[in-house]
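Subject: Structure for you to look at, with notes

Dear colleague,

I am passing on a structure that will be new to you, and below it I have set out what was found in it. Please keep it open beside the text as you read.

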Amino acid sequence: MAIVINIDKLILRRMTSRELAQRTGITEANLSILKTGKAKALRLTTLNALCQALDCQPGDLLEYVPDSPETD
């Protein structure tokens, strides 16, 4: 996966995942999917809610990580 969502880096020392879920209206299960990299898509409304709750910019949450070349 080339796009990484760095929620853990931003909530570190700020709040718990439960508190973030309450502030954003995003379920803890969906936050877990985002944090573990299992999400296939991210709605702009979700990104907006995360940025508002964490007082950050989208670029603070999203990171592009190139796929590593496969070696045989």
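A strand, as the word is used here, is a DSSP run marked E of at least two residues, and strands are numbered from the N terminus. Leucine 62 is found in one of these, strand β2. Before going further, please bear in mind that this is a predicted model.

The overall picture

The protein chain holds five helices and two strands, and from the N terminus on its elements follow the order β-α-α-α-α-α-β. Its C-alpha trace spans about 45 × 25 × 25 Å along the principal axes. Of the 72 residues in the chain, 31% are buried, and the chain exposes about 5,400 Å², with carbon and sulfur atoms supplying 50% of that area. Among the contacts with a separation of 6 or more, 62% are between residues 24 or more positions apart.

Helix α4 and what covers it

Helix α4 takes in residues 44–54, and its buried residues are Thr46, Leu47, Ala49, Leu50, Cys51, Ala53 and Leu54. The cover over these buried residues includes the helices α1 (7–11), α2 (17–24), α3 (28–36) and α5 (58–61), together with strand β2 (62–64). Just after α4, aspartate 55 takes a positive phi of about 50°.

Strand β2 and the surface

Together with Ile3 and Tyr64, Leu62 makes a nonpolar surface patch of about 290 Å².

Charged residues

The mean positions of the 9 positive and 9 negative charges of the chain are 8 Å apart. Side chains of opposite charge can pair when their charged atoms come close, and the structure holds four salt bridges, of which three are described here.

One of them joins lysine 9 and glutamate 63, whose closest N and O atoms are 3.9 Å apart. This pair links distant parts of the chain, since lysine 9 belongs to helix α1 and glutamate 63 to strand β2, 54 residues apart. Lysine 9 counts as exposed because its relative accessibility is 61%, whereas glutamate 63, at 33%, counts as partly exposed.

Another is formed by the side chains of arginine 18 and glutamate 28, at 3.2 Å from N to O. Here too distant parts of the chain are linked, with arginine 18 in helix α2 and glutamate 28 in helix α3, ten residues apart. Arginine 18 has a relative accessible area of 52% and is therefore exposed, while glutamate 28 has a relative accessibility of 39% and so counts as partly exposed.

In a further salt bridge the side chains of arginine 23 and glutamate 19 meet at 2.7 Å, again N to O. Both residues lie in helix α2, four residues apart, which is about one turn of the helix. An α-helix has 3.6 residues a turn, so residues three or four places apart point the same way. Glutamate 19 counts as partly exposed because its relative accessibility is 28%.

Helix α1 also holds aspartate 8, which counts as partly exposed because its relative accessibility is 43%. The C-alpha atoms of aspartate 8 and isoleucine 33 are separated by 12 Å, and the two residues are 25 residues apart along the chain.

Definitions and conventions:
Residues numbered from 1 in each chain as written. Predicted model: local features only at pLDDT ≥ 70, side-chain atom pairs only at ≥ 80, totals over all residues. Heavy atoms only, no water. Buried < 20%, exposed > 50% of the residue type's maximum accessible area, 1.4 Å probe, protein only. Contact = heavy atoms within 4.5 Å. Patch = residues over 30% accessible without salt bridge, like charges linked within 9 Å, V, L, I, M, F, W, Y side chains within 5 Å. Areas by Shrake-Rupley, 256 points an atom, 1.4 Å probe, with all protein chains shown as cover. Lys, Arg positive; Asp, Glu negative; His and termini not counted. Charge placed at Lys NZ, Arg CZ, Asp CG, Glu CD.
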